[in-house]
Amino acid sequence: MTHIITAGNVENFTITLGMCAERCAIYSANAQGLGDSCVAIVIVAGRVDSRTKEVIRPGKIIPPCLECRGIIYEHAVRAKKSGALHEVGDFRICISTPKFEQDEILVTTIGELYPMPFDTR
């Protein structure tokens, strides 16, 4: 069964208290009991002018920040342990701009975006 978890970033004047949409989605999946079966994330990121609804800097794909890459990696470890993933590095990441143009979509894996994770296990 496919589950779609939606999330958005949480802005805060104190930057360290904000949270990226990727982490919000992973934490939401965990809270719903779906964390161990999640094997992919789709990230739609870009700045949109609130007045004109036009995309600012179209064509610029925004990958997950380093903190989010670490959280996604840890999540992928859990998904592998549950049998949802064959290998941790296989966790799929699709990144797009808000316009979903073909040349503005990147499909990759956590293994490619985070090749040397911090892992003391």
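Val42, Val44 and Phe100 make up a nonpolar patch on the surface of this predicted model. Taken together, the three have about 290 Å² of accessible area. From there, the notes below move on to a helix and a pair of rings.

**Surface patch**
- Val42, one of the patch members, sits in strand β1.
- Val42 comes out at a relative accessible area of 58%, and the cut-off for exposed is over 50%, so Val42 counts as exposed.

**Helix α1 and its cover**
- Helix α1 runs over residues 21–31, and its buried residues are Glu22, Arg23, Cys24, Ala25, Ile26 and Ala29.
- What lies over those buried residues? Strand β1 (40–44) and helix α2 are among the elements that cover them.
- Just past the end of α1, Gly33 has a positive phi of about 80°.

**Aromatic pair**
- How many aromatic pairs does the structure hold? There's 1.
- Tyr73 and Tyr114 form that pair, with 5.9 Å from centre to centre and 55° between the planes, which makes it tilted.
- The two partners come from distant parts of the chain, 41 residues apart: Tyr73 belongs to helix α2 (residues 66–81), while Tyr114 lies in the segment after α3 (110–113).
- Buried or exposed? Both Tyr73 and Tyr114 are buried.

Note on methods
Residues numbered from 1 in each chain as written. Predicted model: local features only at pLDDT ≥ 70, side-chain atom pairs only at ≥ 80, totals over all residues. Heavy atoms only, no water. Phe/Tyr/Trp six-rings, centres within 6.5 Å; stacked < 30°, edge-to-face > 60°. Helix = DSSP H or I, 4+ residues; strand = E, 2+ residues; numbered from the N terminus. Buried < 20%, exposed > 50% of the residue type's maximum accessible area, 1.4 Å probe, protein only. Contact = heavy atoms within 4.5 Å. Patch = residues over 30% accessible without salt bridge, like charges linked within 9 Å, V, L, I, M, F, W, Y side chains within 5 Å. Areas by Shrake-Rupley, 256 points an atom, 1.4 Å probe, with all protein chains shown as cover. Salt bridge = Lys/Arg side-chain N within 4 Å of Asp/Glu carboxyl O.
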